[in-house]
Amino acid sequence: MSTDVRVPLEQQQSYSTAYHQMLERVRYEGAYPTRERAEEIVRLVLAGLGRQLTGDERVDLAARLPLEAARTLTAQIPDTQPLSGWAFVKDLAARSGASQATTRWDTGSVLAAVAAHAGSDLITRILNQLPPGWALLFGQAELNPAA
């Protein structure tokens, strides 16, 4: 890889093709004006998700995501008490300073791309691990387990 000396080193980013495609999908789905904005959203949501997932589901998801996304996910220490889907959105909104409506949109845009990488079996396992309210964030119907 050659580097351009006219661009400061911290701005030189070499993304894997898979991560670039993930960013472009989020940019398109979320209608973000730039790839940089899409990347900010991806990092915010994946960091938040990394604070929620534990165990095999966390490891398996990291293995299926592009390396750059997996690093963001796994750099987080999981919370001791996972948040409901709505509490997750409110937490991200507070961290980012964005409205809850905007954060809900952002979360759905990123988690749709995550779901595409993960596959339906892993998403089902993740949803079984998390408290209620997450299915809609992943673009799926919320199913109530049979009592």
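Analyst: Contact means heavy atoms within 4.5 Å; helices are DSSP runs (H or I, at least four residues) numbered from the N terminus. This is a predicted model, with local features needing pLDDT of at least 70 and side-chain atom pairs pLDDT 80 or more, while totals for chains, interfaces and linings use all residues. Residues are numbered from 1 along each chain, and side-chain values use heavy atoms, without hydrogens or water.

User: Which helices are included in what covers the buried residues of α3?

Analyst: Helix α3 spans residues 55–64. Its buried residues (under 20% relative accessible area, 1.4 Å probe, protein chains only) are Glu-57, Arg-58, Leu-61 and Ala-62. Their cover includes α2, α4, α6 and α7.

User: How is α1 oriented to α2?

Analyst: Helix α1 packs with α2 (residues 35–50) at about 100°, with axes 9 Å apart. Axes are lines fitted to C-alpha atoms over the stretch in contact, and angles run from 0 to 180 degrees between N-to-C directions. Therefore α1 to α2 is roughly perpendicular (65 to 115 degrees).

User: At what angle do α1 and α6 pack?

Analyst: The contact includes Met-22 of α1 and Trp-105 of α6. Helix α1 (residues 17–30) and helix α6 (residues 100–118) have axes 9 Å apart, at an angle of about 140°.

Key:
Helices (H or I, at least four residues) and strands (E, at least two) are DSSP runs, numbered from the N terminus. Angles under 35 degrees count as roughly parallel, over 145 as roughly antiparallel, 65 to 115 as roughly perpendicular and the rest as oblique. Buried means under 20% relative accessible area, exposed over 50%, partly exposed in between (1.4 Å probe, protein chains only).
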